[in-house]
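Welcome to my notebook. I went through this structure looking for ring pairs, and then for a helix contact.

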Amino acid sequence: MPTLRLRLFLAAVICGLLTAPALAERAHLDGYAGTAVCAECHADETEAWKTSDHAWALKEPDPASMLGDFENAAFTHDGVTSRFFRKEGGYFVETEGASGKPETFQIRYAVGHRPLQQYLVETTAGHLQVLDIAWDVNGRKWFHLYPDQKLPPGDGMHWTGAYKNWQARCATCHQTGFDKGYDFPSRTYKSHWTELTVGCETCHGPGKDHVNAARQGNPHQSLMPKLGAGQQDNEINACGPCHARRDAFSQVQPPAGSPFNEHYALSLLTPDLYFGDGQQNAEVFILGSFLQSKMKAKGVTCSNCHEPHSNALVAEGNAVCTQCHNEAGRSEFPTLRKAEYDTPAHHHHPAGSEAAQCVTCHMPERSYMLIDPRRDHFFRKPDPLQSQAAGAPDVCTACHTDETPAWAAEHIAQWFPASDRSWQDRSALIAFNAGDRQQSTIAALEAFIRNRETPAIVRATALRAVAAGGLTLPEDAALLLKDDDALVRAAAAGALRHLPAAERAALLTPLLTDPVRSVRQTAAIEIAGAGVAALPSADDQAYRAALQEYLDSRMANADTPEGHMAIGGMALSRRKWDEAEAAFRTATEMDPQLVQAWLVLSDIRQARGDAAGTEALLTKAIAASPGNIDLLLARADFEARRQRTDDALAWYKRALALDDARADVWLGMSIAALYGQKPELALDYAAKAEGLNPQDPQAIVVTAMAHAVLGQTDAARQAAERARKIAPGLQLPQELEQLLTP
């Protein structure tokens with residue numbers, strides 16, 4: 001199955017929901033007091049907050065909040081000219097709408113204030129979409145966030161599409177007390193919130209009880225989570241949900257401080273998000289990087305470095321780091337090596353230079369949304385050779401562009417001969433992901449996973465990698481299912497698919513009552529996938545409860561294509577074909593370019609014996625994504641199964657015209673030619689497939705069969721022997737088995 005098309009998880013953008021003040025007012029009754037009430041006692045904190053990124057997370061349009069040029073400014077991208085103007089006190093944009101024609105939309109909200117500002121419009125009642133054209137605050141110009149993409153109307157990634165909807169993607173992290181209020185049957189939103197932007201109670205939780213206690217003379221009584229120095233768990237639970245790449249389980253923003261894993265599934269360090277050495281690649285919003293760090297392991301928390309109300313750093317420049325990393329050390333972190341770090345003796349660059357800044361080497365930047373640089377919070381020691389092995393950026397040669405990683409590594413070894421980088425070593429995982437399956441590599445990776453000193457998010461990522469190859473030992477899995485960290489337990493639950501169904505179920509059932517929701521849900525998914533016919537009554541009740549939790553969490557994301565992909569996947573696991581088909585069809589309606597959904601739909605139709613339905617689906621899918629090889633290959637395979645050899649070969653050739661290095665396409669062609677009584681062509685195509693993928697015995701089997709059809713018995717026998725040598729357990733066609741029988 002092809003990799004799911006990468007989806008945009010928009011960063012600091014968009015805003016939220018409906019416009020009826022009554023809905024927002026109703027939510028105020030649910031334990032929230034509002035920032036204005038907090039300010040009565042916390043004036044200094046409120047003043048600091050007013051200029052913060054949090055305060056600017058979402059604003060209604062007015063002369064103070066609208067930073068872009070709306071004086072009849074024009075911006076042209078990909079042949080479409082958009083015009084920004086004011087009318088009757090409002091702010092408007094005329095641009096290409098979902099119809100493909102120019103439409104005029106009123107700006108409903110502004111998002112952010114540095115280094116860019118984005119704007120939300122209401123396309124249909126309650127549906128807020130973010131424009132792909134944003135305002136560069138420093139450069140004072142309009143720019144397109146995706147200048148290299150051609151996104152016509154009807155594409156899920158077009159600004160009017162499912163991936164640019166504010167409620168589905170971003171609102172919960174830009175508002176306080178947010179409730180998405182999405183109704184799937186009617187495809188409508190009735191969203192509401194307690195406060196338009198990120199106010200006090202987004203981070204501190206509902207404050208009504210605290211306010212009442214303070215007004216009764218008990219100002220220090222609080223039911224809100226305690227934040228600040230020494231409160232790492234609470235701060236991760238408060239800050240993490242919005243500063244993480246994660247999947248939410250509910251339409252309603254949980255109160256601040258709620259346990260993260262009860263409400264979200266954190267994304268692991270997958271190649272689409274992170275480089276192999278752990279550095280950020282895609283926009284991951286910090287938490288996943290921080291969880292890998294030694295600083296997290298030692299108890300450092302967000303507010304050690306960030307002033308939470310103004311969002312400013314607690315000091316300037318290197319002073320942020322030297323508040324702890326100095327000759328005196330810091331009592332809260334007794335294991336810190338006491339030394340002077342802000343000196344050329346440590347950083348080996350001219351004092352005061354950009355290269356002498358701690359963050360330059362230990363927190364490299366990557367820019368997102370073109371102009372928004374974000375620093376990596378892994379806090380790695382530079383390791384040029386490991387970064388090179390991972391295909392990741394190297395901070396040294398990023399500046400010293402005329403040098404090599406080996407040169408940089410040699411200098412670092414001279415400067416720090418006793419430096420310990422074992423805590424950040426990913427060599428076994430990097431090698432495994434690069435295809436190294438030597439026993440020594442697998443053993444090293446298993447030891448890496450079992451090591452409790454390895455950060456949990458890294459262990460979980462490595463466990464998932466090993467699991468994909470069916471290499472997890474049952475005894476390891478049993479141990480990891482009891483791990484202290486929920487990320488590891490959840491990953492272990494998914495690492496048992498190579499075991500017999502009954503054995504899998506026996507190992508997984510204890511997790512159905514795990515104290516953490518993300519683990520319970522994963523256990524339910526895996527038991528459903530095992531196809532276990534029946535569980536003992538007590539376990540069955542727990543299974544149904546955990547399964548319902550999972551289904552509820554997916555329905556909470558029913559306004560996203562990926563939500564319906566998950567619903568469809570679960571329905572497939574439970575053999576509920578009609579439900580699966582409905583879910584995948586909904587996914588394709590939301591995103592016509594979602595190739596994986598089309599492929600699953602065609603498989604379902606074929607399994608149900610509906611050739612005409614399969615052909616219609618593939619025709620529609622290819623019309624939406626004419627340049628997708630996987631769809632062309634699926635159509636070719638479909639024609640080959642119907643024994644329409646010439647049609648099949650024509651479709652295979654269309655796929656090869658896009659990429660002639662696809663072994664699976666050449667293999668398909670060889671099989672089609674063989675069954676179409678064209679053995680000479682089958683030999684040619686099979687040779688191409690084998691050349692591109694020598695370890696796949698299928699092409700060699702086709703070669704053997706083609707020789708057999710041509711009466712070339714010795715050549716057929718030799719090819720069959722080669723296939724059996726590559727895959728000793730391979731079951732060959734009867735004709736070839738007879739050739740190998742003495």
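**Aromatic rings and a helix pair**

I began with Tyr 119, which counts as buried because its relative accessibility is 0%. The model I am reading is a predicted one.

Next I looked up the ring partner of Tyr 119: this residue forms a tilted aromatic pair with Trp 142, with 5.7 Å from centre to centre and 55° between the planes. Tyr 119 sits in strand S5 (residues 116-124) and Trp 142 in strand S8 (residues 141-144), so the pair links distant parts of the chain, 23 residues apart. I checked Trp 142 too, and it is buried, with a relative accessible area of 8%.

I then counted aromatic pairs and got 13. For Phe 70 and Phe 84, the ring centres are 5.7 Å apart and the planes stand at 90°, so I noted the pair as edge-to-face. Both of these Phe residues are buried.

I also searched for charges over rings. Lys 59 lies over the face of Trp 56, 4.9 Å from the ring centre. Arg 83 lies over the face of Phe 85, at 4.2 Å from the ring centre.

H18 (residues 439-450) and H19 (residues 456-468) pack at about 145°, their axes 9 Å apart, and their crossing is left-handed. Among the residues that meet are Leu 445 and Phe 448 in H18, with Ala 462 and Leu 463 in H19. I sorted the residues of this contact into seven nonpolar, no polar and two charged.

Methods: Residues numbered from 1 in each chain as written. Predicted model: local features only at pLDDT ≥ 70, side-chain atom pairs only at ≥ 80, totals over all residues. Heavy atoms only, no water. Axes fitted to C-alpha atoms, helices over the stretch in contact; angles between N-to-C directions. Helix = DSSP H or I, 4+ residues; strand = E, 2+ residues; numbered from the N terminus. Left-handed = near helix turned anticlockwise from the far one by under 90°. Contact = heavy atoms within 4.5 Å. Nonpolar A, V, L, I, M, F, W, Y, C, P; charged D, E, K, R; others polar. Phe/Tyr/Trp six-rings, centres within 6.5 Å; stacked < 30°, edge-to-face > 60°. Buried < 20%, exposed > 50% of the residue type's maximum accessible area, 1.4 Å probe, protein only. Lys NZ or Arg CZ within 6 Å of the ring centre and 35° of its normal.
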